[in-house]
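Please keep the sequence and the model at hand while reading.

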Amino acid sequence: HSLQQQLYALRRYDNMVAYQLNRNDDYDFPETIDFRATTTTTRRRASPPVGMETSAYLKKRSKTKAAFQQESSNSAYNLRKSLRILRVFMLGTIMFCFVMWEKNTIAPTPIALIETHHAVIAKEQKPDPVETQAMLRRVKNAHLDVPRTALKPSRYTPPNPSLAIPLNLDTLLVDVNQPQTSSDIPFFWHILKSGGTTTKDAAGMCLGKVEASESGVLDGHGSDKVLKKVNISRGQIEYVNVDTTTASGIARAVSMGLAESGMSDIIFSPLLHESSQLFNNTTHKGRAFCLFRHPVERAVSLFHYLKQASWEPTFSEKLKKIETVEDYAISEFAENNWMTRFLINEMTGILTRKHLEVAKEILRRKVLVGLTADMENSFERFSKYFGWEDKDPISADQRSCLKGYLAEGSNRNDHAIAEEGTMGWRILRGNNLFDLELYDYALQLYEEQGKMLGLR
């Protein structure tokens with residue numbers, strides 16, 4: 001046979017041997033293969049050149065295959081091991097970055113979305129439902145959730161007395177657990193749409209308290225040169241002729257010596273830090289108290305109120321064109337952690353976990369907490385804390401008056417309630433995650449301070 005035929009026969013035989021080895025079949029190879037039978041035998045009988053011993057060939061092939069398999073196995077094992085190590089390292093890095101992000105920043109989604117939709121609202125268009133749904137997926141399970149009717153905290157947070165709070169609040173406001181003195185002046189931190197107006201009317205109409213708020217400058221009293229008590233529009237509440245709800249009004253009240261005058265029984269203002277200056281360079285200190293409301297419920301109430309409150313400085317015609325809570329939640333008018341920001345005096349920028357911890361510590365040390373969801377008991381707490389009933393016993397008529405105001409409320413704005421878990425509720429919750437946690441802490445303080453005062 002020609003050389004080409006011999007090579008062809010050898011190649012066929014080699015393939016046949018490899019095939020049988022891979023199948024692990026028992027096959028009786030001849031000791032010597034007759035090359036001349038190549039053209040007449042089957043594929044399984046393909047023969048190498050004359051004289052080649054099959055056993056030696058198979059032995060060599062087995063050793064080569066075993067070495068190759070061992071090398072391949074080692075390489076594959078090393079590769080799998082390296083991939084596992086790399087996968088664990090990458091997963092650990094991702095988890096670390098996520099934990100640090102969650103610990104130090106709030107979810108940026110709502111802020112970014114509000115900025116994105118400024119132009120949309122300005123053009124009187126509906127927000128993009130695709131973007132809205134994407135935002136919802138990102139805030140769906142973020143942080144804790146607190147039911148609107150909760151009176152107990154979802155978790156208990158230990159105090160952090162080593163944490164420094166702003167110096168003006170530390171020195172100009174009295175700690176909650178310090179004994180009352182005659183020079184302390186009740187200061188109501190007014191969180192909007194949380195029962196502040198009801199508290200004003202109940203204290204002024206029923207208990208006859210003289211108040212300092214925005215009402216004192218009505219009927220032209222904003223230009224008065226001398227501090228005095230006034231009756232506005234023949235109302236039944238006496239006010240001091242100052243405005244303690246704006247920075248310029250507070251500066252005027254400071255220059256007129258509001259705290260030193262002793263005219264006001266209660267000072268009302270949403271501006272905690274600015275109002276603290278009323279007690280600077282005087283012998284009087286502020287003793288703060290407030291009412292807390294669920295942040296999402298408060299945001300919904302504020303939306304419906306501001307749509308029609310043309311007398312409010314924050315009123316806007318653009319807001320009247322927003323029809324749904326969902327559209328409001330992603331508009332430029334939606335608040336972002338109002339309570340946390342006003343407590344720490346950080347009106348803009350990204351809030352961090354440290355900001356929230358400072359806000360909690362301010363609340364724990366300086367503010368007596370009441371709840372809009374428990375108005376009657378909250379007002380009873382305020383009365384006991386400030387000793388109002390000890391100074392002037394409350395008559396049956398006054399109690400009836402209080403019960404009416406606290407049960408019905410003042411400045412009410414009846415509207416549809418946003419159901420928990422709906423799109424609007426979830427977006428507003430995403431906008432106010434820090435306030436939600438702060439509210440949960442306020443529930444804890446409400447319980448602890450009640451025990452301090454000997455109340456349930």
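**Briefing on selected contacts**

Apart from its neighbours within four places in sequence, arginine 365 is in contact with Leu163, Ile165, Asp170, Val174, Asp175 and Val176. The structure is a predicted model.

**Arginine 365**

- Arginine 365 lies in helix 14, which covers residues 353-366.
- With a relative accessible area of 18%, arginine 365 is buried, because the term applies to values under 20%.

**Leucine 172**

- Leucine 172 belongs to helix 5, which covers residues 167-172.
- The relative accessible area of leucine 172 is 5%, and the residue is therefore buried.
- When neighbours within four places in sequence are set aside, the contacts of leucine 172 are Ser276, Gln277, Phe279, Asn280, Lys285 and Gly286.

**The disulfide and the cysteines**

- In general terms, a disulfide is a covalent bond that joins the sulfur atoms of two cysteines.
- The model has 1 disulfide.
- Cysteine 206 and cysteine 401 form this disulfide, with 2.0 Å between their sulfur atoms.
- The pair links distant parts of the chain, 195 residues apart: cysteine 206 is in helix 6 (residues 196-206) and cysteine 401 is in helix 17 (residues 396-408).
- The disulfide of cysteine 206 and cysteine 401 is left-handed, because the torsion about its S-S bond is about -70 degrees.
- Cysteine 206 is buried at 5% relative accessibility, whereas cysteine 401 is partly exposed, with a relative accessible area of 25%.
- Another cysteine, cysteine 290, is buried, with a relative accessibility of 0%.

**Helix 10 and helix 18**

- Two packed helices are described by the angle between their axes and by the distance between those axes.
- The axes of helix 10 (residues 295-306) and helix 18 (residues 423-431) come within 9 Å of each other and cross at roughly 110 degrees.
- An angle from 65 to 115 degrees counts as roughly perpendicular, and helix 10 and helix 18 are therefore roughly perpendicular to each other.
- The crossing of helix 10 and helix 18 is right-handed.
- On the side of helix 10, Val296, Glu297, Ala299 and Val300 take part in the contact, and they meet Trp425, Leu428 and Arg429 of helix 18.
- Sorted by class, the contact of helix 10 with helix 18 has 5 nonpolar residues, 2 charged residues and no polar ones.

Notes: Residues numbered from 1 in each chain as written. Predicted model: local features only at pLDDT ≥ 70, side-chain atom pairs only at ≥ 80, totals over all residues. Heavy atoms only, no water. Disulfide = S-S within 2.5 Å. Helix = DSSP H or I, 4+ residues; strand = E, 2+ residues; numbered from the N terminus. Buried < 20%, exposed > 50% of the residue type's maximum accessible area, 1.4 Å probe, protein only. Axes fitted to C-alpha atoms, helices over the stretch in contact; angles between N-to-C directions. Parallel < 35°, antiparallel > 145°, perpendicular 65-115°, else oblique. Left-handed = near helix turned anticlockwise from the far one by under 90°. Contact = heavy atoms within 4.5 Å. Nonpolar A, V, L, I, M, F, W, Y, C, P; charged D, E, K, R; others polar.
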